[in-house]
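Here is a short report for a first look. Start with the view below, then read on.

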Amino acid sequence: MKTQLLALSAIVGSVLAAPAVADDYVIDTEGQHAFIQFKIKHLGYSWLLGRFNDFEGNFSYDEANPGNASVEVTIDTASVDTNHAERDKHLRSDDFLNTGEYPEASFVSTRYVPDSDDENEGTLYGNFTLNGVTKEIAIEVEQVGAGEDPWGGFRRGFEGEVDLTLADYNIDYNLGPEAKEVELYLSIEGVRQ
Amino acid sequence: MKEAGCKGYDALMIIIHWISALLVFGLFALGWWMVDLTYYSNWYTTAPWWHKSLGLLVLFITLFRVVWRFVKGTPTIDGSAFEKRAAKLGHLLLYISLLAVVFSGYLISTGEGKPIGFFDWFDVPALPFQIEQQATWAGTIHEYAAYVLVILALGHGVMALKHHFIDKRSTLIRMIKP
């Protein structure tokens, strides 16, 4: 009886001590509910907007423990789209994204720090690789929502923003003093697996 | 191409030939120069505008020229059987590379379905379909086809001078006097 109790308490204890299992989500690129956009100043007079059409990724998220969240995204850089054929050709060239040599950009998170005052917001740190250069970046993230979809699945979505300095990634074509940074905006919906 | 059996080209073909020659070498130089323009160059937007408009002009006159060749035929070629074959092959390659350069150029600008402008006069629509990264693929073809065209055109010029000065034939004169 005593040993049985001990065994039982050991099981209960291990269950309690075990970290809650995070759910895995695949970014819904099939249904096209995910967007990776960027904007950069044109001469300092207006914004130029563009996006990457082809990418894939997944994330894991545990509501009970958001700090354990992790994300991985791979972007096909040649799918850059600013709605202008000649510009997109230039962006794919070695003046910018050098997609012949570096067809992929990637982000792999290293840690997620939820805000202390709002657990739906936080900072996602990770290694971002672009044009063959890897740097740690910090994406400001906000959970947009989560819940069952009307088709029997469960979805969770985030948006994120990060400013990148092009020169950090060896992209040094001179677009002028107002266009040294590009703002990346991500809207990502994942379908729980 | 049928041979008309006539001695020379008509005035229209002569004019088109020399305009094409001028445009081919001019556009080659312009294209070579403009791809390295910096963003703040005065020519950053105007050079491509001229390049595209004049390139379309080459496309139009070349299409007309090909049709005209079929309609009117070409003059008989002087020389040995080998020279005749070589001349025909050379001219065929010139036409193929010329059309490849202008058509691939058109495919760059229309790579995402938008039309390309002919001066500020009218737009030429894109094809009804595009392939992924079309502007980049077409750009690579455009570049290499242009090198081939310019080398062929230089060879064409050298051969014309050879026929004129060494062979003492009327080849070059035929392309000057109708």
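A crossing is left-handed if the near helix is turned anticlockwise from the far one by less than a right angle, and right-handed if clockwise. By that rule, helices H1(B) and H2(B) cross in the left-handed sense. The model shown is a predicted one.

## Layout of chain B

Chain B has 5 helices and 2 strands. Read from the N terminus, the order of its elements is α-α-α-β-β-α-α. The C-alpha trace of chain B spans about 50 × 30 × 30 Å along its principal axes.

## H1 against H2 in chain B

Two packed helices are described by the angle between their axes and the distance between the axes. H1 of chain B covers residues 11–34. Its partner here, H2 of chain B, covers residues 46–72. The axes of H1(B) and H2(B) lie 10 Å apart, and the packing angle is about 150°. Angles over 145 degrees count as roughly antiparallel. H1(B) and H2(B) are therefore roughly antiparallel to each other.

What classes of residue make up the contact of H1(B) with H2(B)? There are 18 nonpolar, 5 polar and 2 charged residues.

## H1 against H4 in chain B

H1(B) also meets H4(B), the helix of residues 134–166. Their axes come within 11 Å and cross at roughly 135°. That angle makes H1(B) oblique to H4(B). The crossing of H1(B) and H4(B) is left-handed.

Which residues make this contact? H1(B) brings B:His17, B:Val24, B:Phe25, B:Phe28 and B:Trp32. H4(B) brings B:Ala146, B:Tyr147, B:Leu149, B:Val150, B:Ala153, B:Leu154 and B:His156. By class, the contact of H1(B) with H4(B) has 10 nonpolar residues, 2 polar and no charged.

## Where chain A meets chain B

Now for the two chains together. In the interface, 18 residues of chain A are in contact with 16 residues of chain B. The size of an interface is often given as the accessible area lost when the parts come together. Between chain A and chain B, the buried area is about 1,300 Å². Carbon and sulfur atoms give 45% of that area.

Three residues stand out on the chain A side. A:Ala85, A:Glu86 and A:Lys89 supply 35% of the area that chain A buries against chain B, more than any other three residues.

## Salt bridges

Side chains of opposite charge can pair when their charged atoms come close. Over all chains, the structure holds 12 salt bridges. How many run between chain A and chain B? The count is 1. B:Lys52 and A:Glu86 meet through their side chains in a salt bridge, at 3.1 Å from N to O.

Another salt bridge joins the side chains of A:Arg51 and A:Asp81, at 3.8 Å from N to O. A:Arg51 lies in strand E3 (residues 46–52) of chain A and A:Asp81 in strand E6 (residues 80–81) of chain A, so this pair ties together parts that are 30 residues apart in sequence.

Key:
Residues numbered from 1 in each chain as written. Chains lettered and ligands numbered in written order. Predicted model: local features only at pLDDT ≥ 70, side-chain atom pairs only at ≥ 80, totals over all residues. Heavy atoms only, no water. Axes fitted to C-alpha atoms, helices over the stretch in contact; angles between N-to-C directions. Helix = DSSP H or I, 4+ residues; strand = E, 2+ residues; numbered from the N terminus. Parallel < 35°, antiparallel > 145°, perpendicular 65-115°, else oblique. Contact = heavy atoms within 4.5 Å. Nonpolar A, V, L, I, M, F, W, Y, C, P; charged D, E, K, R; others polar. Buried area = accessible area lost by both parts, 1.4 Å probe. Salt bridge = Lys/Arg side-chain N within 4 Å of Asp/Glu carboxyl O.
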